[in-house]
Amino acid sequence: MTDTQKPVTDITTDYDIFAPDFINNPYPRYTEIRESKCPIAHTERYEGSWLPTRYDDVVAIAQEYETFTSRQILVMPPANGRSEGPYAAVGAPPITSDPPDHHWHRRLILPVFAPQAVAQYEPGTRDLCNALIDEFIDKGVADAASDYAQHIPVRVISKMLGVPLTMEDEFTDWVRGALENITDSERRMKSFRSIVEYFIGEVQSRAANPREDDFITQLMNTEVEGKKVPIEYVLGVCNLMLVAGIDTTWSAIGSCMWHMAQHPEHRKQLREHPDLWPTAVEELLRVYAPVTMARIVDHDIEFQGCPMKAGDRVLMAFPAANRDPRQFENPDEVILDRQNNRHVAFGSGIHRCAGSNLARLELRVALQTWLERIPEFELIDPSSVTWAGGQVHGPRKCMVKF
Amino acid sequence: MKVLLDYDSCHGHQMCAIAAPEVFGSDEIGNAKVLITGEIPAALHIKVRRAESNCPERAITIIE
């Protein structure tokens, strides 16, 4: 039997984040672990990992970057062949970087993701949301995940990267191969190679014909300490933009659409009090945080009574931390005007999601545009909603009628 | 009321700027910037308290 087929005996010593019940609705599992005598669970599945579920533990691990390193950041061991061949040195900086390189890896990309810089994408994002809605508004039914949410971040990121929108289907497929189907090592490796090879082509075309106001050209021309940045860095950042910028935000938008379809009182509240949008977006991010990231333990350490060994994988379940009752009152409830909300949907510490301001903008504009055009809608059949889980949690099919 | 920002702890979540945009902004790389370094007007105190209680890095201190 493979790791995905064995029944789970004790969730604190044998959890399986790819079990169907964990993928579809991980929150009861997180609660079970969090409130047990073992709030940092362990499993031998998938070469072993630890799973902290309390807010304070997840945040402490995110902060201690020297002990909990970013040598690997996925919830599964690397795909077979990932550390060999010509692309072995291409990561996804700065997510996959540790200090001291992390500093310049991150410093170079932060300015393009500052709130004042991403604001320029708001009108285009609104236009593309409207164009998607135009496609189905007369039908009275739509898949809020695959007809709407799925198309938004990939188009925004393509525009940001200066690559053709016609690549949308390929990008979506590669990103799903890299993040969603990660128990399939061969598909992961193929997706990674496709991403790198695509961007090698884009880099070569810009080397021959540099472009004005172009993200990839600017990256290629960036110098650090008098030397142009290595090609692996340029390809790595492009890889990051796809892998970290598409599936994650689309999952968050999808989960929020799923929520809104079932909560007319929240739709009404936002319609009557549009000033609530900023806190509402943060609250939805708290409750529907899509991403779990991993860390690799640098040296043997006892952490909260757990004997962690050098090389162990630790899963930072931000969705679990965000629902810890020790940190949040009524944590499973969506309170759109929640006042105290130190959520960690975007992580904590030096690896705070670099694209968080863009993700927030896309989420807000996607929800606002839908709610303006389609104020009343509901799920057609709650049991037919399908989910992705593990690294990134969000709906993949979510039929609604209006 | 005055605010102190620990620039070393700030990692640019921008949750202070969302809670109190009159008092906190963004620098070139998206980290927090204090816009009112002196006395904070009373009308903004509620927002500033929310900025403090929403910072995931606990980088904001309120002095009263």
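Is the crossing of α10(A) and α19(A) left-handed or right-handed?

## How the two helices cross

In this predicted model, the crossing of α10(A) and α19(A) is right-handed. Two packed helices are described by the angle between their axes and by the distance between those axes. Here the axes of helix α10, which covers residues 152–161 of chain A, and helix α19, which covers residues 356–373 of chain A, come within 11 Å and cross at roughly 130 degrees. That angle makes α10(A) oblique to α19(A).

On the side of α10(A), the contact is made by A:I152, A:P153, A:V156, A:I157 and A:M160, while α19(A) contributes A:L358, A:E362 and A:A366.

## The setting of α10(A)

Eight of the 10 residues of α10(A) are buried, so this helix is largely enclosed by the rest of the structure. The buried residues include A:V154, A:S158 and A:L161, together with A:I152, A:P153, A:V156, A:I157 and A:M160. Just after α10(A), A:G162 takes a positive phi of about 75 degrees.

## The nonpolar cores

The largest nonpolar core has 113 residues, and those with the most contacts inside it are A:Y148, A:L161, A:F171, A:F199, A:I216, A:L242 and A:W370. If neighbours within four places in sequence are left aside, A:I216 is in contact with A:L161, A:V163, A:F199, A:E202, A:V203, A:R206, A:V234 and A:C238.

Methods: Residues are numbered from 1 along each chain as its sequence is written. Chains are lettered from A and ligands numbered from 1 in the order in which they are written. This is a predicted model: local features need pLDDT of at least 70, side-chain atom pairs count only at pLDDT 80 or more; totals for chains, interfaces and linings use all residues. Side-chain values use heavy atoms; hydrogens and water are left out. Axes are lines fitted to C-alpha atoms, for helices over the stretch in contact, and angles run from 0 to 180 degrees between N-to-C directions. Helices (H or I, at least four residues) and strands (E, at least two) are DSSP runs, numbered from the N terminus. Angles under 35 degrees count as roughly parallel, over 145 as roughly antiparallel, 65 to 115 as roughly perpendicular and the rest as oblique. A crossing is left-handed if the near helix is turned anticlockwise from the far one by less than a right angle, and right-handed if clockwise. Contact means heavy atoms within 4.5 Å. A nonpolar core is a set of buried Ala, Val, Leu, Ile, Met, Phe, Trp, Tyr and Cys residues joined through side-chain atoms within 4.5 Å. Buried means under 20% relative accessible area, exposed over 50%, partly exposed in between (1.4 Å probe, protein chains only).
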